[in-house]
Amino acid sequence: MTASVEPGHTIAGEHRGEHYGSVLAKLSRNAAVRHYLEIGVAFGDIFSGIACRHGVAVDPEFQLKTNIAANKARVSLFQVMSDVFFANLNLRRHVGGRIDLAFLDGMHLFEFLLRDFYNTEAICRRDSIIVMHDCLPVAAPMADRDPMQAGIRGRGTPFENWWTGDVWKVIPILKRYRPDLDVMLVDAAPTGLVIVTGLDPASRTLKTHYEAIVEEFSRLPNTAEEIAQVYVEHPLTSTEEALRRLSGRSYAHGGGWLQRLRG
């Protein structure tokens, strides 16, 4: 089925689930997360709500306005671009172990998020969780690659000054190049969450084919119709159902459900 969008309308309605920060906070507590990574921390609102043993924050220019050490035994801040962070990362020294839960909310351009995804997956375990933000825009203007143009196009609408960029393209990229992953689109307000599980830290598919993928998906039109097609092909999951599906994971003793099954 091909999607169509009336001019001036939302792409697939507004997201009505819990706020994404609340979903992440609950997920961190339910799974007893030990090692948490957040890329794109900005003011620290989301990071401060996460409960974990060690929180790792990456941002090129922190603008912290809250206590990001709340609910944590240890916090590490890296004020660098995420590419620099990954290039210089010593997992044992800087983190203390593989990442249990990661939240990716950096630069809102798909080629940046794609790099953040495959670099993050490489330092996770198979039963870790990667969550991506802003991949489910609700109106076409906010998806413009240029934040200034997004602001201009969104004037006079309910979504004025919203900017998601074109990171939505990571969803069809994963569908095509990593069908082995479990990708869940979640109806979290205001711009959705994409939760990825079934990870393979040894996979090099996305990194090996990165240039070709970027060239291919740069040609994919960044339009409301293409974004609507993502909604058609990937039905949304409610925030309550998403948390229920992930409720079997616990990293309290060094592993999630995979370790318990093998034990």
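**Buried and exposed sites in a predicted chain**

Asp134 is buried, with a relative accessible area of 6%; buried here means under 20% relative accessible area, exposed over 50% and partly exposed in between, with a 1.4 Å probe and protein chains only. The model is predicted, so local features need pLDDT of at least 70 and side-chain atom pairs count only at pLDDT 80 or more, while totals for chains, interfaces and linings use all residues. Residues are numbered from 1 along each chain as its sequence is written, and side-chain values use heavy atoms, leaving out hydrogens and water.

Asp134 also deserves a look for its backbone: its phi is near 70 degrees, a positive value in a residue other than glycine. Asp134 sits in the loop between β6 (124-133) and α6 (147-153), where helices (H or I, at least four residues) and strands (E, at least two) are DSSP runs numbered from the N terminus. Asn161, again not a glycine, has a positive phi of about 75 degrees. The loop between α6 and α7 holds Asn161, which is exposed at a relative accessible area of 65%. A cis peptide bond, with omega about -5 degrees, links Ala189 to Pro190, and Pro190 is placed in the loop between β8 (188-189) and β9 (193-197). For context, most residues other than glycine have a negative phi, and most peptide bonds are trans.

Turning to the whole chain, 12 helices and nine strands are found. The radius of gyration is 18 Å, which agrees with the value near 18 Å that a compact globule of 263 residues would have; this radius is taken over C-alpha atoms, and the globule rule is 2.2 Å times the number of residues to the power 0.38. Along its principal axes, the C-alpha trace spans about 50 × 40 × 35 Å. Buried residues account for 54% of the 263 residues.

Inside the chain, the largest nonpolar core has 46 residues, of which Leu37, Phe117 and Met132 touch the most other members. Such a core is a set of buried Ala, Val, Leu, Ile, Met, Phe, Trp, Tyr and Cys residues joined through side-chain atoms within 4.5 Å. Apart from this core lies another, of 28 residues, including Leu24, Ile50, Val186 and Leu193. Beyond its neighbours within four places in sequence, Phe117 is in contact (heavy atoms within 4.5 Å) with residues including Leu104, Ile130, Met132 and Leu206.
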